[in-house]
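This report walks through a few side chains and their surroundings. The sequence and the structure come first, and the text follows.

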Amino acid sequence: MSEGVRCMWMRGGTSKGGFFVKTDLPAAPAERDAVLLRVMGSPDLRQIDGMGGADPLTSKVAIVSKSTRPGIDVDYLFLQVFVEQALVSDSQNCGNILAGVGPFAIERGLVKPSGDETPVVIYMENTSQTAVARIATPHGRVSYEGDARIDGVPGTHAPIPIEFRDTAGSSCGALLPSGRAHDLIDDISVTLIDNGMPCVVLKASDLGASGYESRDELDAADTLKARLESIRLQAGPMMGLGDVQEKSVPKMMLIAAPRDGGTISVRSFIPHRAHASIGVFGAVTVATACLIEGTIAAAVALVPDGARKTLSIEHPTGSMSCVLEVDTAGAVTSAALLRTARKLMDGEVFT
């Protein structure tokens, strides 16, 4: 495509990327993905010939369309554009980019504002799940200004509360896809779990790490990353994901006891580079693991009492709070958290 493609660049949570109305891109997936690779400048370590920021967290895409599904406002497809490979993956959700979907839908006229706060019901095509985001719309327009602060993002912005519905087993078909609270892979005890994001949870200390390393320290730990990849490739088939060599899931979650007043400390790999913070669905999934007896996470987590639990997931740049509700049997019935978003650019991107 030599002509410009209509696009909005947005920060959603601790990620950012390109937001497109579905009809503005080619309908055929192969043609669409070729356009997006050009948009981001992949494959290239620096993504110098595109809009990508040379990091998986800034090489993301949201494709949004008005939904025809009953009770749903918009459909959202998340695509991860790899930095150093000519790959575009739809094998996962992104809860950070999700935070920008509601504002984008209103900005593009896909959803009409309704009062000072507009609920946007979003169908996540990647996993056939639903989320409800509440967007500040004073005077009938999206507002990005407010007092909400999230770790990993400077400044304050309008709060975007997001409630997730029926995320258990979103990609793997079951919350615990192996049917067990823990498994053994390469002589390492792991928990295979999916509550919105397929994750492999394992103790950092079992791999010779502390679980409190910085992102740069983890990215330089080649032996550690090689061991994690070996475990990840074996976990994929056990989780019903098949061969995951060229997939961005499952995510690898190194855990340790909390040390800053939270519930648990996590160092996340996505999957080959360390995350600067932690993904939304990754945090929800680890928080859920903290509540399940026999999991690796439950053994080190400090979990509050009550049916409605706020679990603080510590990560390299702060923490993320997940609000989980459990029934009398201890099963998680709902998950919610707070994100923010900001419009960065609106115009055309060229390929």
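Strands here are DSSP runs of at least two residues marked E, and they are numbered from the N terminus. The model is a predicted one.

**Pro-119 and its surroundings**

In that numbering, Pro-119 belongs to strand β6, which covers residues 117–124. Its relative accessible area is 32%, so Pro-119 counts as partly exposed. When neighbours within four places in sequence are set aside, the residues in contact with Pro-119 are Asp-73, Ser-114, Val-132, Ala-133 and Arg-134. A separate distance relates Pro-119 to Pro-161: the two are 42 residues apart in sequence, and their C-alpha atoms are 9.7 Å apart in space.

**Aromatic pairs**

How many aromatic pairs does a search of the whole structure find? The search gives 2. One of them joins Phe-19 and Phe-104; this pair is tilted, with 5.7 Å from centre to centre and 50° between the planes. Phe-19 is part of strand β2 (residues 15–21) and Phe-104 is part of helix α2 (residues 95–107), so this pair ties together parts that lie 85 residues apart in sequence. Both Phe-19 and Phe-104 are buried.

Phe-164 and Phe-281 also form a tilted aromatic pair, with 4.7 Å between the centres and 55° between the planes. Here too a strand and a helix are involved: Phe-164 lies in strand β8 (residues 160–165) and Phe-281 in helix α5 (residues 280–290), so the pair ties together parts 117 residues apart in sequence. Phe-164 counts as buried because its relative accessibility is 3%. Phe-281 has a relative accessible area of 1% and is therefore buried as well.

**Salt bridges**

The count of salt bridges comes to 9.

| Residues | Distance, N to O |
|---|---|
| Asp-75 and Arg-69 | 3.2 Å |
| Arg-180 and Asp-183 | 2.5 Å |
| Glu-229 and Arg-232 | 2.9 Å |

In the salt bridge of Asp-75 with Arg-69, Asp-75 is buried because its relative accessible area is 8%. Arg-69, at 33%, is partly exposed. Arg-69 also has an aromatic neighbour: its charged end sits over the ring of Tyr-123, 3.7 Å from the ring centre.

For the salt bridge between Arg-180 and Asp-183, Arg-180 has a relative accessible area of 43% and so is partly exposed. Asp-183 has a value of 6% and is therefore buried.

Where do Glu-229 and Arg-232 lie? Both are in helix α4 (residues 222–238), 3 residues apart, which is about one turn of the helix. Glu-229 has a relative accessible area of 19%, and buried means under 20%, so this residue is buried. Arg-232 counts as buried too, because its relative accessibility is 0%.

**Glu-314**

Glu-314 lies in strand β14, which spans residues 308–315.

The side chain of Glu-314 does reach a backbone atom, namely the nitrogen of Gly-261, at 3.4 Å. Apart from neighbours within four places in sequence, Glu-314 is in contact with several residues, among them Pro-258, Arg-259, Asp-260, Gly-261 and Gly-262. Its contacts also include Ile-264, Ser-265, Val-266, Arg-267 and Ser-319.

**Ser-170**

Ser-170 is found in the loop between β8 and β9 (183–185). Is Ser-170 buried or exposed? With a relative accessible area of 12%, Ser-170 is buried, because buried means under 20%. Its side chain reaches the backbone nitrogen of Gly-196 at 3.5 Å. Gly-196 is also one of the residues that Ser-170 touches when those up to four places away in sequence are not counted; the others are Thr-127, Gln-129, Asp-194 and Met-197.

Conventions
Residues are numbered from 1 along each chain as its sequence is written. This is a predicted model: local features need pLDDT of at least 70, side-chain atom pairs count only at pLDDT 80 or more; totals for chains, interfaces and linings use all residues. Side-chain values use heavy atoms; hydrogens and water are left out. Helices (H or I, at least four residues) and strands (E, at least two) are DSSP runs, numbered from the N terminus. A polar contact is a pair of N or O atoms within 3.5 Å; within protein, one must be able to donate a hydrogen and the other to accept it, and residues adjacent in sequence count only if both atoms are side-chain atoms. Contact means heavy atoms within 4.5 Å. Rings of Phe, Tyr and Trp (its six-membered ring) pair if their centres lie within 6.5 Å; planes under 30 degrees apart count as stacked, over 60 as edge-to-face and the rest as tilted. Buried means under 20% relative accessible area, exposed over 50%, partly exposed in between (1.4 Å probe, protein chains only). A charge sits over a ring if NZ of Lys or CZ of Arg is within 6 Å of the ring centre and within 35 degrees of the ring normal. A salt bridge is a side-chain nitrogen of Lys or Arg within 4 Å of a carboxyl oxygen of Asp or Glu.
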